[in-house]
Amino acid sequence: KGVLKEIDCKVIMQRSVGADLNAVRASLDGAEQEWLVSLGTNDNRVYAVRRATGAVCTLIDPSGLLPKDGFGAAWNFRGEMFFSMNDGGGVFKVTLLTNSCTKGGTASAQVELVGSSIKTNNNDGM
């Protein structure tokens with residue numbers, strides 16, 4: 001458990017499901033596994049890619065808070081995922097719901113606007 005040692009980012013890039021990634025362990029499809037999570041760049045969806053297989057789970061944002069614009073940074077703090085917008089549109093907390101990727105699951109993620117952000121195009125890397 002904990003931080004992933006290796007991340008195969010090619011899975012995300014090949015599927016064009018977003019730019020910035022969060023690596024988490026979650027039980028989205030019945031068993032706890034490693035997932036790469038990204039926010040769509042042209043839609044208001046959350047994408048979770050199972051690291052072991054590359055299977056993509058597309059989750060909707062029932063709150064309607066996620067904009068269709070680009071996000072510039074993603075980070076995990078104390079087990080919670082955050083994403084900030086390049087255009088200064090805010091910082092969003094994304095919570096994955098247990099079993100949301102199983103047949104009959106919710107197919108949604110909980111999204112909250114938790115803070116402000118400043119407009120920037122210089123936020124890649126540390």
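Reader: Let's start with Arg-51: how exposed does Arg-51 count as, and how do I read that?

Author: Keep in mind that this is a predicted model. The general idea is a scale of relative accessible area: under 20% is buried, over 50% is exposed, and anything in between is partly exposed. Arg-51 comes out at 27% relative accessibility, so here Arg-51 counts as partly exposed.

Reader: Where does Arg-51 sit in the chain?

Author: You'll find Arg-51 in a loop, the one between β3 (45-50) and β4 (56-60). Gln-33 is 18 residues away from Arg-51 along the chain, and the two C-alpha atoms are separated by 7.9 Å.

Reader: Which residues is Ser-84 in contact with, leaving aside its neighbours within four places in sequence?

Author: A contact is a pair of heavy atoms within 4.5 Å. For Ser-84, with those sequence neighbours set aside, the list is Phe-71, Gly-72, Ala-73, Trp-75, Gly-90, Val-91 and Ser-117.

Reader: I also want to look at backbone angles. Which phi value does Arg-78 have?

Author: Arg-78 has a positive phi, about 55°, although Arg-78 is not a glycine. Arg-78 is in the loop between β5 (71-77) and β6. On the accessibility scale Arg-78 counts as exposed, because its relative accessibility is 75% and the cut-off for exposed is over 50%.

Reader: And what about Asn-99: what is its phi, and where is it found?

Author: Asn-99 is not a glycine either, yet its phi is positive, at about 60°. The loop between β7 (91-96) and β8 (109-115) is where you'll see Asn-99. With a relative accessible area of 32%, Asn-99 is partly exposed.

Reader: How much of the chain counts as buried, and how much of the accessible surface belongs to carbon and sulfur atoms?

Author: Of the 126 residues, 37% count as buried. The accessible surface is about 7,200 Å², and 48% of that belongs to carbon and sulfur atoms.

Reader: Last one: what share of contacts joins residues at least 24 apart?

Author: Take the contacts between residues at least 6 apart in sequence: 44% of them join residues at least 24 apart.

Notes:
Residues numbered from 1 in each chain as written. Predicted model: local features only at pLDDT ≥ 70, side-chain atom pairs only at ≥ 80, totals over all residues. Heavy atoms only, no water. Helix = DSSP H or I, 4+ residues; strand = E, 2+ residues; numbered from the N terminus. Buried < 20%, exposed > 50% of the residue type's maximum accessible area, 1.4 Å probe, protein only. Areas by Shrake-Rupley, 256 points an atom, 1.4 Å probe, with all protein chains shown as cover.
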